[in-house]
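Here are my notes on this entry, as numbered points. Please read them with the structure open.

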Amino acid sequence: MGGDNAPQSVLAGARIAVEQGIPVLLVGQPEQLADAGDIEVIPASQVIAMGAEAASSVRKMKDSSVVRAAEAVRDGRASAMVSAGNTGAAMAASLLRLGRIRGVARPAIATPIIVPRRAWPNVLLDAGANAECSAEWLVQFAQMGAVYCRDRWGVQEPRIGLLSNGEEAGKGSPLVKEAFELLEDGAWQARTGAVFAGNVEGRDLLEDLVDVIVTDGFTGNVALKTAEGVAKQLIGALLEAFESSEEAQRGAELLAPALAPLYDEFNPDSVGGAILLGVRGVSIISHGASSPRALANAIQVAHELAERDTVGSLRRILSSE
C-alpha cells in the first residue's frame, strides 16, 4: 500500500516478478487489491501515510501493511519484504518486528551507486538511517557493507572507503578521524575479507576507487540526494540541448544508440532499492515514486539475497548467533 502510485505500481511490479518465477505475497487492504488475481494477499486494514511520523505510527497501527509485511518475514511466511512506502516506517517495522542481529549497534541503509563501465556499483552506507553515529558504528557499517558487496556482486575483497573532505589520513571531522584509526585495524578486515582503502571524497562516489563507502546517515543521505539531483539535471539539460535545433536533433539521432545504454545504466529503476542491513531479515526499501519495473527489480534483489542467505552471512561475521 506504500508509494506515490500505490497500489497500481506495486501490483504491476508484483506481476512482473511472478512472471519471472518469483513467488510473491501482497500485503494490504483486500478491497484495494482486488485485481491481484492469483497472487495471495495478506489482509491489512491500515496504511501508514508517506508523511506520517514513523515510530509512533508503527507502534499504534499494528494492522498496517508494512507492519504485517515485517511480521510475515519474522514468522517465516515470507523470505523478505519490499516497501516503497514511508521509509521511516519500513525501517521501524523491520527493527521492531524482525529485531537486530546480535552484535549490531544500529542497522544502516545500504544504497547502490552506479559506477559507469563497471559491472557492480559502489555501496553507500549509511544512506539515512542514523543521522548521528559513533566511530564504532562506522566500522560495523564497513563490515556489513563488505559482506553485502561480496554476497550480492561477488566482490571477493571489497575495498572500503571512508567519506571525508580530503583523501589524506588527517582530514575530516573528529568522528571521521576516530573512525579512520579504527578502520585501519586489521582484525575486522581479516574477518570480512575486506581492505580499508582510506578516505574518499564526494567526487569519488561514482569512481572505481573503492567498493563500499562508509559515512554517517546524515552525510550519506545528503551526498546521495546531491548525486541524484546532479544526474537528473544533467540528463534534463542534455535532452533540452538535443531539442534546441534541427542540427542538434539530427546529432541526437546519431548519438542515441551509444547514449541509450548509459541512460539505462543511470536510471534509478534499474537499481531496485536499498537494503536495511543489520536486521534479522531481508528488508528492501524502494523509492516512493518507484515504477513497476523498479519494484520488480526490488523484488528480484530481495529474492536473490534471501536465496544467498545474506542475513546468515552477516550473523556469522557480526555475532555469535
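1. Strands β3 (residues 80-83) and β10 pair in the parallel sense, over four bridges. Ala-80 is the residue opposite Val-282 of β10. Keep in mind throughout that this is a predicted model.

2. Strand β10 also pairs with β9 (residues 274-277), here antiparallel and through two bridges. Ala-274 has Ile-285 of β10 as its bridge partner. The hairpin of β9 and β10 has four residues between the strands, and Gly-278 there takes a positive phi near 115°.

3. Is β10 covered on one face or both? Both faces of this strand (residues 282-285) are covered. Val-282 and Ile-284 are buried on one side. Ser-283 and Ile-285 are buried on the other.

4. Now the charges. Side chains of opposite charge can pair when their charged atoms come close. A search of the whole structure gives 13 salt bridges. One network of salt bridges links Asp-63, Arg-68, Glu-71 and Arg-97.

5. Asp-211 and Arg-118 form a salt bridge, with their closest N and O atoms 3.5 Å apart. Asp-211 lies in the loop between β7 (195-200) and β8 (212-214), and Arg-118 in the loop between β4 (108-113) and β5 (122-125), so the pair ties together parts that are 93 residues apart in sequence. Asp-211 is buried, at 2% relative accessible area. Arg-118 also counts as buried because its relative accessibility is 12%, and the cut-off for buried is under 20%.

6. Arg-74 and Asp-75 meet through their side chains in a salt bridge of 2.8 Å, N to O. Arg-74 is partly exposed, with a relative accessible area of 43%. Asp-75 is exposed, at 53%.

7. A salt bridge also joins Asp-151 and Arg-150, where the closest N and O atoms are 3.9 Å apart. Salt bridges are counted within 4 Å. Asp-151 is buried, with a relative accessible area of 16%.

8. Which residues form the negative surface patch? They are Glu-136, Glu-178, Glu-181 and Glu-184. Glu-178 sits in helix α6 (residues 174-183). Its relative accessible area is 40%, so Glu-178 is partly exposed.

9. There is a nonpolar patch on the surface as well, formed by Leu-255, Leu-259 and Leu-262. Together they have about 220 Å² of accessible area. Leu-259 belongs to helix α9 (residues 246-266). With a relative accessible area of 30%, Leu-259 is partly exposed.

Key
Residues are numbered from 1 along each chain as its sequence is written. This is a predicted model: local features need pLDDT of at least 70, side-chain atom pairs count only at pLDDT 80 or more; totals for chains, interfaces and linings use all residues. Side-chain values use heavy atoms; hydrogens and water are left out. Patches are made of residues with over 30% relative accessible area and no salt bridge: like charges are joined within 9 Å, nonpolar side chains (Val, Leu, Ile, Met, Phe, Trp, Tyr) within 5 Å. Accessible areas come from the Shrake-Rupley method with a 1.4 Å probe; for residues, only the protein chains shown count as cover. Lys and Arg count as positive and Asp and Glu as negative; His and the chain ends are not counted. The place of a charge is taken as NZ of Lys, CZ of Arg, CG of Asp or CD of Glu. Buried means under 20% relative accessible area, exposed over 50%, partly exposed in between (1.4 Å probe, protein chains only). Two strands pair if DSSP finds at least two bridges between them.
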